[in-house]
Structure formats: C-alpha cells, structure tokens
Amino acid sequence: MWMYITNPKWIKLDELRKIHWSKNEELKNKILKSKDFKSLEEEWFEVKDWLEKIFSWEEISSWSSYNEVYALQLIINETWVSLPYENDIKVWIETDYIEQFLKKDFEIKEEIIDVLFWNPADFFIKEQDDMPIFGIVELELLKKYQNIFSKLDSITEQKLNQLEEEMDDEESEEKFYAYEHLKWIKENIDFCVKNKLDLIVFMY
C-alpha cells in the first residue's frame with residue numbers, strides 16, 4: 001500500500017493550540033455531524049473519544065494513536081481553509097524524483113519529507129511513531145524555505161507546458177511531474193508567508 005503526503009492546510013498554530021481544553025461544544029458538534037466524521041466511523045475508526053479528549057480538560061498522552069491524528073484532521077478540515085494547491089505526493093516514488101531534480105537542476109539538497117515533517121513545534125499532540133502522521137511548519141521556518149526554494153520561481157506555467165509537450169520517455173515524465181509538484185509546494189509556502197500563516201500536512 002502506498003503512502004501519500006496529503007491534505008495541506010494553512011493554520012494559525014496559536015489558535016489551533018487553544019482548541020485543546022477549549023470545551024468548544026459548537027465546533028465539536030459540527031465535526032460530529034460532518035461527512036468526514038461519518039465516513040471514518042463507517043470504516044471503524046474510533047475518533048469520537050479522541051475528539052472528546054482534545055476538547056475537554058483531559059491530558060493527551062505521550063504515546064501516539066492513529067485515531068488522534070484523524071481527530072486532528074477533522075478539526076483542521078472544519079476550521080481552516082485549503083491551500084491553493086492540494087495534490088497528493090506519493091512517498092518513495094514521487095518524493096524520490098522530486099528530490100532528484102531539486103539537486104540536479106536547482107542545486108537544492110533539502111528532502112521534501114524533512115521539509116514538511118518532524119519539525120519542532122510546541123503542540124498538544126506528540127510526534128507520531130507510525131502512520132498516519134502530521135507535520136507542522138511554522139511561519140519562521142516557512143520563511144527559511146521560501147528563501148531556499150526561491151530558485152523554483154523559474155518554474156512557470158509556460159515552463160510546465162513546455163515540459164509536458166516534451167514528454168516522450170520515463171525521465172521526461174518524471175521531470176514534468178517533479179516540476180509540477182515543486183511549483184505547487186513553493187506557491188503554498190509563498191501563500192503562507194505572504195499571509196503570515198503556519199502550515200500543516202498529513203501523511204498516510
């Protein structure tokens with residue numbers, strides 16, 4: 001089964017932190033009535049208890065649970081708006097050739113998974129040991145990556161159209177899709193920095 005980097009959203013981390021212990025019954029009930037919650041329930045995910053824990057005064061344990069990540073995603077989906085680009089990235093396939101072209105064409109050594117995940121952030125849900133996981137990239141770190149990825153501004157729509165027209169083998173296809181993902185990642189970072197926002201993304 002493949003894993004994907006998915007569902008990027010802009011957030012305001014300070015506001016997200018305040019949801020823990022907020023006893024926000026209105027938001028909790030809105031989530032419990034949502035299609036996303038009902039879909040998870042139908043698949044036997046036990047997210048309701050974790051929603052209760054997040055909204056109540058109960059301490060979140062230091063051990064990880066996939067249900068708490070899905071509960072967090074329900075809160076994010078109900079509270080914040082999507083970023084301009086939301087395309088999924090297939091881990092170990094697309095991430096590999098994204099990083100290949102980052103190094104080869106732009107001399108950028110950063111690895112996409114390390115950019116988006118396992119960044120230090122003071123948050124009430126601890127870093128996950130197993131899938132699914134989430135990553136938070138705070139504004140100051142996004143500013144750093146905006147500078148590092150400034151070379152990607154050369155990936156214009158015209159450049160993508162050109163690469164698409166030139167696709168005639170596996171390498172040219174990989175280059176097109178890598179450039180497409182890189183353009184979207186850079187524009188999401190630019191959006192967050194311009195609007196003074198943090199970023200959250202999921203992997204499962």
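## Val-201 in strand 4

Val-201 sits in strand 4; strands (E, at least two residues) and helices (H or I, at least four) are DSSP runs, numbered from the N terminus. The model is predicted, so local features need pLDDT of at least 70 and side-chain atom pairs count only at pLDDT 80 or more, while totals for chains, interfaces and linings use all residues. Residues are numbered from 1 along each chain as its sequence is written, and side-chain values use heavy atoms, with hydrogens and water left out.

Val-201 is buried, at a relative accessible area of 3%; buried means under 20%, exposed over 50%, and partly exposed in between (1.4 Å probe, protein chains only). Beyond its neighbours within four places in sequence, Val-201 contacts Ile-5, Thr-6, Asn-7, Pro-8, Leu-116, Phe-117, Ile-133, Phe-134 and Gly-135, where contact means heavy atoms within 4.5 Å. Val-201 and Trp-10 are 191 residues apart in sequence, yet their C-alpha atoms are 8.8 Å apart.

## The cavity

The whole structure has 1 cavity of 30 Å³ or more. On a 1 Å grid over the protein atoms alone, a cavity is a set of points where a 1.4 Å probe fits but cannot get out; a pocket is an open set with protein on both sides within 12 Å along at least five of seven lines, and lining residues have an atom within 4 Å of a point. Grid points are joined across faces, edges and corners, and a volume is the space filled by probe spheres set on the points.

The largest cavity holds about 160 Å³. Its lining has 14 residues, with Pro-8, Ile-89, Leu-116, Ile-185 and Asn-188 nearest the centre. Strand 1 (4-11), helix 10 (170-194) and strand 4 (198-203) each give two or more residues to this lining, and helix 10 has the largest share, 5 residues. By class, the lining of the largest cavity has 10 nonpolar, 3 polar and 1 charged residues; Ala, Val, Leu, Ile, Met, Phe, Trp, Tyr, Cys and Pro count as nonpolar, Asp, Glu, Lys and Arg as charged, and the others, Gly among them, as polar.

The largest pocket has a volume of about 180 Å³. Among its lining residues are Trp-118, Phe-123, Lys-126, Ile-133 and Phe-134, and the lining divides into 7 nonpolar, 3 polar and 2 charged residues.

The second largest pocket has about 150 Å³. Its lining includes Asp-36, Phe-45, Tyr-70 and Tyr-204. Helix 5 contributes the most, with 4 residues.

## Aromatic pairs

There are 11 aromatic pairs in the structure; rings of Phe, Tyr and Trp (its six-membered ring) pair if their centres lie within 6.5 Å, and planes under 30 degrees apart count as stacked, over 60 as edge-to-face and the rest as tilted. Phe-123 and Phe-134 form an edge-to-face pair, 5.8 Å centre to centre with 70° between the planes. Phe-123 lies in the loop between helix 7 (112-116) and strand 3 (133-137), and Phe-134 in strand 3. Phe-123 is buried at 6% relative accessible area, as is Phe-134 at 12%.

Ring pairs also join Phe-45, Tyr-66, Tyr-70 and Tyr-204 into a cluster.

## Helix 4

Trp-50, Leu-51, Ile-54 and Phe-55 are buried in helix 4 (residues 48-55). Seen down the helix axis, the buried residues fall within an arc of 130°, so they line one face of helix 4; the arc is that of the directions from the axis to the C-beta atoms. Their cover includes helix 1 (13-19), helix 2 (25-32), helix 3 (35-42) and helix 5 (66-79).
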